[in-house]
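Subject: Structure for you to look over

Hello,

Here is the structure I promised, with my notes below it. Please open it before you read on.

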Amino acid sequence: MEKILLFREIYVEAFRNWTNMFLKKYFKVFSWFCFALLLITIYAFIFRVATGFAFD
């Protein structure tokens, strides 16, 4: 039983900040991805307006 508790303590200590770090990096990448998609959308709209696309 002592080995299981020791293993559990080592495991918890190793991954204590892992979730927080993973979420920060995930949301940073996700926000840059959304920003890039927004820029692509604005570029496409301006391109269509500039070339005289008929929005019927």
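Helices here are DSSP runs of H or I with at least four residues, strands are runs of E with at least two, and both are numbered from the N terminus.

Some ground rules. This is a predicted model, so local features need pLDDT of at least 70 and side-chain atom pairs count only at pLDDT 80 or more, while totals for chains, interfaces and linings use all residues. Residues are numbered from 1 along each chain as its sequence is written, and side-chain values use heavy atoms, leaving out hydrogens and water.

Overall form

The chain has two helices and zero strands. Its radius of gyration is 24 Å, well over the 10 Å that the globule rule gives for 56 residues, so the chain is more spread out than a compact globule. That radius is taken over C-alpha atoms, and the rule is 2.2 Å times the number of residues to the power 0.38. Along the principal axes, the C-alpha atoms fill a box of roughly 75 × 15 × 10 Å.

Of the 56 residues, 0% count as buried. Buried means under 20% relative accessible area, exposed means over 50%, and partly exposed is in between (1.4 Å probe, protein chains only). The chain exposes about 5,900 Å², and carbon and sulfur atoms supply 73% of that area. Areas come from the Shrake-Rupley method with a 1.4 Å probe.

The helices

Helix α1 covers residues 2-14, which is 13 residues. From first C-alpha to last it reaches 18 Å, close to the 18 Å expected. The number of buried residues in α1 is zero, so this helix lies largely in the open.

Val 29 is in helix α2. At 58% relative accessibility, Val 29 counts as exposed. Val 29 and Leu 39 are 10 residues apart in sequence and 15 Å apart in space, C-alpha to C-alpha. Cys 34 is also in α2, and is partly exposed at 34%. From Cys 34 to Leu 23 is 11 residues in sequence and 16 Å in space, C-alpha to C-alpha. After α2 comes Gly 52, with a positive phi near 80 degrees.

Aromatic rings

Rings of Phe, Tyr and Trp (its six-membered ring) pair if their centres lie within 6.5 Å; planes under 30 degrees apart are stacked, over 60 edge-to-face, and the rest tilted. The count comes to seven aromatic pairs. Phe 22 and Tyr 26 are stacked, because their centres are 6.5 Å apart and their planes are at 20 degrees. They are four residues apart in helix α2, about one helical turn. Phe 22 is partly exposed at 46%, and Tyr 26 is partly exposed at 44%.

Phe 53 and Phe 55 form an edge-to-face pair, with centres 5.2 Å apart and planes at 80 degrees. Phe 53 is partly exposed at 42%, whereas Phe 55 is exposed at 53%. The charged end of Arg 48 sits over the ring of Phe 53, 4.7 Å from its centre. That call needs NZ of Lys or CZ of Arg within 6 Å of the ring centre and within 35 degrees of the ring normal. Phe 22, Tyr 26, Phe 27 and Phe 30 form one aromatic cluster.

Best wishes

Note on methods: The expected span of a helix is 1.5 Å times one less than its number of residues.
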